[in-house]
Amino acid sequence: MAEPQAPPTQPPAGYARAVNDQLADVGEVLVAAVEEVGDMTLFAGRTMRWLLTRWPSRELIFSSLHQIGVRSLPVIALTGTFIGMVLAVQAYYQFRSFGMETRLGAMINLSMFRELGPVLAATMLAGRVGSAIAAELGTMRVTEQIDALTSMGASPLRHLVAPRFLACLFMIPSLTIMAIFMGFVGGAFYCIFVFDVDPYFYFHNAQQAAGAWDLFYGVFKSVFFGMAIALISCYRGFHCSAGAEGVGRASTTAFVQSFVAILVLDLGLSIVLDRVYFFLWPSL
Amino acid sequence: MVDAATRQHGPAPSDTPAPLVSAAGLSVRFGRQQVLRDVTVETPRGQTLAIIGESGCGKTVLLKTLIGLITPDEGAVSFAGQRLDRLGERQISTLRTRIGFVFQQAALFDSLSIADNVAFPLLEHRSTPRAEAYEIAAERLADVGLPSSVMAKKPAQLSGGMRKRVGLARALVMQPELLLYDEPTTGLDPIMSAVINELILRTREKHKVTSIVVTHDMRSALTVADRIVMLYPLSRLAPGEPQALFDGTPEAIARETDARVAQFVRGEAGERLSEMQGETQAG
């Protein structure tokens, strides 16, 4: 008698098949995301290697410093001023109900120094500069200018990425300080001239509340934000797909990913810096 | 394994100079899309090879693979006896200074002036003082028939033909041994195409340079090439006798066993439209 044969393997039907397909799609997306993170890390590593071995020309660095730093100043100053004023408007009635309106300066300063200054400056930089970097490098990719650089034996990372990276790294602390300062000015202006808060107590409390550590706290975070914006935007530009749509998508993705990176880094660095603070000054 | 091109060529004649650049068994895939499969080609020193083929058949990919801009999935490229896949990043960069690449749309750097574009390789690789680099740039621009007055301009201020000539001047500035042209006459009027063809010939004569020209312009291929090969979609390079094939003489057609080559060089639609419609419906 013949042995019973195993039933032939059949593809799952109906619901099971749909679940299988969904799982496969999710897996594909996850694998692509992991690959992208790995690729981006290698990209960052290669850029660092160039920065350690051969810097770009001074001409390129100064041009990037001007484009990224100097030209971002007006928009960051304006945003900082308005955020300071908005903080004053939002908090005034709460503080007045406790008779603590002279403490508004302390609240505005602390918010600007530790959180809003660096995050705001970084967000504006990601919007104004990050998108522009991705679009510019993306266009260079599409029009074969990056290939042309490589074909001439020149490194696109050294010529295109390194100067932008250095400019973001060096300029974002200054931009953050500008955002903080203008937020302070905007908040003080609105509280003193519109809400008629006593200027002596306003400035006295503001001075007492925020110190050197708070300034360091904000500026330190901003350095990481700057690095993330530069690397993500350059990477997006370098890996831009063909056509106008590809350039547009690279630009949008650069901003969205930079913004998410800023938020994630902000949380992580805040936790780390708080721990460092309590490690250094446990009694406080 | 004997590749398709070698089979078709037979043994190389004994008086053929040694190849400056050669590629063996190249296969390139982008994701799931196979662009090149088992392509073998070589160019003897001092000669001009034209690679013809239909749009989208992988001619530009082949050219970029020859200079290491694209890494093949299989096969290897050798330049002057050195295999590119065995070289480090820095060695490949040094080797690329011996090769000039003229891109389809010139690929000039938008942010730089024409002078800086042409002088770029000199400033990057040699410690040439800027003034001297500009002098050499002006000479190369004169070689391609452009006055020094264009040097202060930006690429966007030039016409397509002028940009291509600037691209050629930039490729020549390092006095390369090998020049790669990607569709040099595409998008140009017949007169400018003739000018570019003439420049390719003059460049070869003056600089004794080996050239590979990728084109689908048969007139251009016939004018500039010592040897023409056709890149089929995906598979192989088929050699042809240029003039005879272009004229479409019965003898040449009789010798050409593949009707598709004859059809391409004579520019006949043949069954392609119905084939393409079939592909569209199938897709």
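Chain B has 12 helices and 10 strands. Helices here are DSSP runs of H or I with at least four residues, strands are runs of E with at least two, and both are numbered from the N terminus. This is a predicted model, where local features need pLDDT of at least 70, side-chain atom pairs count only at pLDDT 80 or more, and totals for chains, interfaces and linings use all residues. Residues are numbered from 1 along each chain as its sequence is written, while chains are lettered from A and ligands numbered from 1 in the order in which they are written.

Confidence next. pLDDT is the predictor's confidence in each residue, from 0 to 100. Chain B averages 80, and 78% of the residues score at least 70. Which elements of chain B have the lowest and the highest mean pLDDT? Helix H1, residues 4-9, is lowest at 34. Strand S7, residues 178-182, is highest at 93. Residues 1-14 of chain B stay under 50. For that stretch the model has 16 contacts beyond four places in sequence. A contact means two C-beta atoms, placed from the backbone, within 7 Å. For the complex, the predictor gives an ipTM of 0.81 and a pTM of 0.82.

Back to the fold of chain B. Of its 283 residues, 41% count as buried. Buried means 20 or more other C-beta atoms within 10 Å of the residue's own; exposed means 12 or fewer; partly exposed is in between, with C-beta atoms placed from the backbone. Take the contacts in chain B with a separation of 6 or more: residues 24 or more positions apart account for 66% of them.

Gly53(B) sits between strand S3 (48-52) and helix H2 (59-66). Gly53(B) counts as buried because it has 21 C-beta neighbours inside 10 Å. Its C-alpha is 7.3 Å from that of Thr215(B), which is 162 residues away in sequence.

Ala107(B) is in the loop between strand S6 (99-102) and helix H4 (114-125). Ala107(B) is not a glycine, yet its phi is positive, about 55 degrees. Why does Ala107(B) count as buried? Because 24 other C-beta atoms lie within 10 Å.

Glu183(B) lies between S7 and helix H7 (190-207). Its phi is also positive, near 45 degrees. Glu183(B) is buried, with 22 C-beta neighbours inside 10 Å.

Now chain A, and two helix pairs. Axes are lines fitted to C-alpha atoms over the stretch in contact, and angles run from 0 to 180 degrees between N-to-C directions. Helix H8 (residues 212-238) and helix H9 (residues 243-280) of chain A cross at roughly 150 degrees, with axes within 8 Å. H8(A) and H9(A) are therefore roughly antiparallel. The cut-offs: under 35 degrees is roughly parallel, over 145 roughly antiparallel, 65 to 115 roughly perpendicular, and the rest oblique.

Last, the contact between the chains. Chain A gives 10 residues and chain B gives 16.
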